[in-house]
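Open the model in your viewer and keep the selection panel at hand. This tour goes stop by stop: what to select, then what is there.

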Amino acid sequence: MDYQDINAKTIDQWVQDGWTWGQPIDHQTYVDAQAGNWSLVLTPKKPIPANWFFKDMRGKRVLGLASGGGQQMPVLAALGAQCTVLDYSTEQLAAEKLVATREGYDIDIIQADMTKPLPFEDDSFDLIIQPVANCYVADILPIWRECYRVLAPQGRLLVGMDNGINYLIDAQETKIVHGLPYNPLTEPALMNEQRIAADGVQFSHTLEEQLRGQLQAGFKFIDMYEDTNGEGRLEQLNIPTFWATYAEK
């Protein structure tokens, strides 16, 4: 089985088990967003700065890339955006459909693997939003190039990313047990760990892959921030484990 298929099935199970990132927003959250009271995250804790979004989202073409779960897209739809969501998880897309049906807005829902060429024409979107997801992909450089292609000029790319620290440590977050890069495809021993059964096939990525890779695709950086896990020992020690970036075409 391809590792992306393993990950899709793993995430489907997480959603069924009550995964935080697979729980769709409730009706009141949607109503609040319509009234201008809203926030979104790319990483566990920190809200995305409001100025990373367009001041007026009405009519903006938004792609939620690996952003299923009924969390980001419903809020942006409530703001008047024209939303498309692409995800490989059946359960995550089911959550998108559930909220769209309940609230009565249109959304294009596409089940596809983001490691393949995106099924969109050039300059199709004004904004791409991707909460932490590229840790489930071995090679992220083609994704940056595809994001650049499908964004219109002055289009915005908002991305959450793991900085690699979570892959160094044991489950108790007390000692270093792995080196970097963390890549089960090149280290067969990692594929045999219980961690794969629980967490799917995940990958660490360097600053060069994640930040320099966006620059090499043609983007210019506007802003970024760090965030923590939101729980556990690293959280208690206030050790950043995630980045979020805002780049423009």
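## Stop 1

The model is predicted. Start inside. Select Ile-48, Phe-53, Met-57, Val-62, Leu-76 and Ile-129: of the 31 residues in the largest nonpolar core, these touch the most other members. Now colour by element. At least two residues of this core come from each of H2, helix H3 (72–78), strand S2 (82–87), helix H4 (90–103), S4 and S7. Which element gives the most to this core? H3 does, with 5 residues.

Centre on Leu-76. Leaving aside residues up to four places away in sequence, Leu-76 touches Leu-40, Phe-53, Met-57, Val-62, Ala-81, Cys-83, Leu-127 and Ile-129. Another core lies apart from the largest one and holds 29 residues. To find this other core, select Leu-63, Val-159, Phe-203 and Ala-217, which are among its members.

## Stop 1: aromatic pairs

Next, show the rings. The structure holds 10 aromatic pairs. Go to Trp-52 and Tyr-246. Their ring centres are 5.6 Å apart, with 45° between the planes, and the pair is tilted. Trp-52 lies in the loop between helix H2 (27–34) and strand S1 (61–65), and Tyr-246 lies in strand S7 (residues 242–248), so the pair ties together parts that are 194 residues apart in sequence.

Move on to Phe-120 and Phe-125. Here the ring centres are 4.9 Å apart and the planes stand at 90°, so this pair is edge-to-face. The cut-off for that label is over 60 degrees. Phe-120 counts as buried, with 13% relative accessibility. Phe-125 is buried too, with a relative accessible area of 5%.

Then select Trp-14, Trp-19 and Tyr-136. These residues form one aromatic cluster.

## Stop 2

## Stop 3: salt bridges

Switch to the charged side chains. The whole structure has 9 salt bridges. Pick Asp-126 and Arg-61. They form a salt bridge, and their closest N and O atoms are 3.1 Å apart. Asp-126 is in strand S4 (residues 125–130) and Arg-61 is in strand S1; the pair links distant parts of the chain, 65 residues apart. Check the surroundings of each partner. Asp-126 is buried, with a relative accessible area of 16%. Arg-61 counts as partly exposed, at 28% relative accessibility.

Now select Asp-113 and Lys-116. Their side chains meet in a salt bridge, 3.1 Å from N to O. Asp-113 is buried, at 10% relative accessible area. Lys-116 is partly exposed, at 45%.

One more bridge follows. Asp-122 and Arg-149 meet through their side chains in a salt bridge of 2.9 Å, N to O. Asp-122 lies in the loop between strand S3 (107–111) and S4, while Arg-149 lies in helix H5 (residues 141–150), so the pair ties together parts that are 27 residues apart in sequence. Both partners count as partly exposed: Asp-122 at 48% relative accessibility and Arg-149 at 23%. Salt bridges with shared partners join Asp-122, Glu-146 and Arg-149 into one network.

## Stop 4: Trp-21

Last stop. Where is Trp-21? Look in the loop between helix H1 (3–16) and H2. Trp-21 counts as partly exposed, at 27% relative accessibility. Show its contacts. Not counting residues up to four places away in sequence, Trp-21 touches Val-41, Thr-43, Pro-44, Gly-68, Gly-69, Gln-71, Gln-72 and Gln-92.

Finish with a distance. Draw a line from the C-alpha of Trp-21 to the C-alpha of Phe-221: they are 27 Å apart in space and 200 residues apart in sequence.

Notes
Residues numbered from 1 in each chain as written. Predicted model: local features only at pLDDT ≥ 70, side-chain atom pairs only at ≥ 80, totals over all residues. Heavy atoms only, no water. Phe/Tyr/Trp six-rings, centres within 6.5 Å; stacked < 30°, edge-to-face > 60°. Helix = DSSP H or I, 4+ residues; strand = E, 2+ residues; numbered from the N terminus. Buried < 20%, exposed > 50% of the residue type's maximum accessible area, 1.4 Å probe, protein only. Salt bridge = Lys/Arg side-chain N within 4 Å of Asp/Glu carboxyl O. Core = buried A, V, L, I, M, F, W, Y, C linked by side-chain atoms within 4.5 Å. Contact = heavy atoms within 4.5 Å.
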